Amino acid sequence: MDLMEAMKRRHSVRGYEDRAIADDARHELEELLAQLNQESGLNMQLVLNEPKAFSGFMAHYGKFSGVRNYIALVGKKGPELDETCGYCGEKAVLKAQQLGLNTCWVALTYSKIKKAFRVEDGEKLCCVIAVGYGTTQGAEHPVKPIESLYRADGPLPSWFRQGVEAARLAPTAMNQQKFRFSLKDGMVFAEPGSGFYTKVDLGIAKCHFEIGAGNADWHWAKQGNA
């Protein structure tokens, strides 16, 4: 499946089968994580056969079951970390969907198992992504009307609308979709809104927007130029 189809098929899955990720899928996912780490400076890691992170009270409260594999989103502390983790992590999520795997972004309802992954000096764990073979394919989550996700003073170019439509499919904390996009002189401005993990959500939404907008002549505006 292509990335647009992967976005449409991807739903958050909290229950997983007790089977290992196939070697070819694991290899492709690890290759992508290595590439994204090199490009972004992150230290994302695929953690395999580690059930402790999702065996505690919070995981049961979050209705997780059978999670033994996850991606630890680790990177250098700084103001860009959350958005970068969201952007790169969602690329990994869509790749996993293409490989026949299921995923779920997890911000709070897991336990940090320190020996399961590396956190170097000056780094921190942002959040994790559960990954594996789901007991179901998940269900569609509520989405806001597209008009509430952008600001514009005039007619929308087709690529901008397609970008926002793709961002509308992005997973966000509590399905709040607080992000907003606006367009000025071929520059796209993206705002996270306020609240917990909204910058992670913005990174995820920007990943989707880029895929939907495609190769049209546009650029991201630098932060602070809105």
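## The largest pocket

In this predicted model, the largest pocket has a volume of about 720 Å³, a pocket being an open set of points on a 1 Å grid over the protein atoms alone, where a 1.4 Å probe fits, with protein on both sides within 12 Å along at least five of seven lines; the volume is the space filled by probe spheres set on the points. Of its 25 lining residues, those closest to the centre are Arg14, Trp105, Thr172, Ala173 and Met174, where lining requires an atom within 4 Å of a point.

The lining comprises 16 nonpolar, 6 polar and 3 charged residues, with Gly counted as polar. Strand β3 and helix α6 (198-213) each supply at least two residues of this lining, helices being DSSP runs of H or I with at least four residues and strands runs of E with at least two.

Residues are numbered from 1 along each chain as its sequence is written. Because the model is predicted, local features need pLDDT of at least 70 and side-chain atom pairs count only at pLDDT 80 or more, whereas totals for chains, interfaces and linings use all residues, and side-chain values use heavy atoms, with hydrogens and water left out.

## Strand β4 and its partners

Strand β4 (residues 123-132) has 9 of its 10 residues buried, so the rest of the structure largely encloses it; buried here means under 20% relative accessible area, with a 1.4 Å probe and protein chains only. Strand β2 (residues 70-76) runs antiparallel to β4 and is joined to it by 7 bridges, pairing being assigned if DSSP finds at least two bridges between two strands. Within this pairing, Ala72 stands opposite Val128.

Strand β3 (residues 102-106) is likewise antiparallel to β4, through 5 bridges, with Asn102 opposite Gly132 and Cys104 partnered by Ala130. In β3, 5 of its 5 residues are buried: Asn102, Cys104 and Val106 point one way, while Thr103 and Trp105 point the other way.

## Helix α5

The buried residues of helix α5 (residues 158-167) are Trp159, Phe160, Gly163, Val164, Ala166 and Ala167. Seen down the helix axis, these residues fall within an arc of 160 degrees, so they line one face of α5; the arc is taken from the directions from the axis to the C-beta atoms.

This buried set packs against α1 (3-9), β5 (150-151), β6 (180-184), β7 (187-191) and α6, contact meaning heavy atoms within 4.5 Å.

Note on methods. Buried means under 20% relative accessible area, exposed over 50%, partly exposed in between (1.4 Å probe, protein chains only).
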